[in-house]
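Hi there,

Here is the structure I promised to pass on.

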Amino acid sequence: METYLPISFLNDFTFCPRSIYFHQLHGNREQLTYQRKAQIQGKQAHKSINTKRYSTRKAVLQSIPVYSERFRLHGRIDIFDEDAGLLTERKKRIRTVYNGYIFQLYAQHHCLTEMGYTVKKMRLYSMDTNKSYPVSLPQDNKPMQEAFEALIDAIECYDLNTPFQANPKKCTQCIYANPCDARADIC
């Protein structure tokens, strides 16, 4: 049976390879029992997208399911303006444009393209600051596209028993710090 990775895993794995394991461990448990303020605010910020109330224009696709057979990915896009060919990934607040954010856009781009849509431009949008960050298309940034493909391979081959170097800055912000045995390395 072929499995498809959720697009959100790309950002999660980039933040910490172990986070996917812990996310799956929590499964369908009430998110309030393990999420922190930032994750809860992020979900709340996407409410208008998830309920498709961001725009009434038919050419603006909101929270539609997407998939890629080539990369074995699935997920949902935030916003795709068909008329402009503009794909937007919204974040509650962007202080730094992390590769994980870009990889999410790349995944969404590939999914939409395979599904027959034409993506001409991509951007990240910080809702708190009302600031947009243009992101080059995968075909225009070969090193980033190669890193995207390597990330998918790394996720598929990851072994939780692989030696792991905790990052104190990340681990103190991680919602899975308590159950993670690497946390002992930073205390």
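A quick word on naming before anything else: helices (H or I, at least four residues) and strands (E, at least two) are DSSP runs, numbered from the N terminus. Also keep in mind that this is a predicted model.

Let's start with helix H5, which covers residues 99-114 and so has 16 residues. From its first C-alpha to its last, H5 reaches 22 Å, close to the 22 Å expected at 1.5 Å a residue. H5 is also mostly covered, with 13 of its 16 residues buried. Just after H5 comes Gly 116, which takes a positive phi of about 100°.

Next, strand S6 (residues 86-91). How many of its residues are buried? The count is 6 of the 6, so S6 is largely enclosed by the rest of the structure. In a regular strand, side chains alternate between the two faces of the sheet. You can follow this along S6: Leu 86, Thr 88 and Arg 90 point one way, while Leu 87, Glu 89 and Lys 91 point the other way, and all are buried. Notice that the buried residues include Arg 90, Glu 89 and Lys 91.

Strand S5 (residues 79-81) pairs with S6 in the antiparallel sense, over 3 bridges. Within that pair, Phe 80 stands opposite Leu 87. S5 and S6 form a hairpin with 4 residues between them, and Gly 85 in the turn has a positive phi of about 70°. S6 also pairs with S7, this time in the parallel sense and over 6 bridges. Look for Lys 91 there: its bridge partner in S7 is Ser 126.

There is also an open sheet of 3 strands, in the order S1-S4-S3, with mixed pairing.

Arg 72 has a positive phi of about 55° although it is not a glycine. It is found in the loop between S3 and S4, and with a relative accessible area of 23%, Arg 72 is partly exposed. Asn 130, also not a glycine, has a positive phi of about 55° too. Asn 130 sits in the loop between strand S7 (121-126) and strand S8 (131-135). Is Asn 130 buried or exposed? At a relative accessible area of 56%, Asn 130 is exposed.

The structure holds 1 cavity of 30 Å³ or more, and the largest cavity has a volume of about 100 Å³. It is lined by 13 residues, of which Cys 16, Cys 171, Cys 174, Ala 177 and Cys 180 lie nearest its centre. H2 and helix H7 (168-171) are the elements that give two or more residues to that lining. By type, the lining divides into 9 nonpolar, 1 polar and 3 charged residues.

The second largest pocket holds about 150 Å³ of space. Its lining is Leu 5, Phe 9, Phe 13, Pro 17, Ile 20, Tyr 21, Ile 155, Tyr 158 and Leu 160. What kinds of residue are these? They divide into 9 nonpolar, no polar and no charged. Helix H1 (8-15) and helix H2 (19-26) each supply at least two of the lining residues.

Last, the cysteines. A search of the whole structure finds 0 disulfides. Cys 16 is buried, at 12% relative accessible area, whereas Cys 157 counts as exposed at 65%.

Over to you, and enjoy exploring!

Conventions
Residues numbered from 1 in each chain as written. Predicted model: local features only at pLDDT ≥ 70, side-chain atom pairs only at ≥ 80, totals over all residues. Heavy atoms only, no water. Disulfide = S-S within 2.5 Å. Buried < 20%, exposed > 50% of the residue type's maximum accessible area, 1.4 Å probe, protein only. Pairing = 2+ DSSP bridges. 1 Å grid on protein atoms, 1.4 Å probe; cavity = no way out; pocket = protein on both sides within 12 Å on 5 of 7 lines; lining within 4 Å. Points joined across faces, edges and corners; volume = space filled by probe spheres on them. Nonpolar A, V, L, I, M, F, W, Y, C, P; charged D, E, K, R; others polar. Expected span 1.5 Å × (residues − 1).
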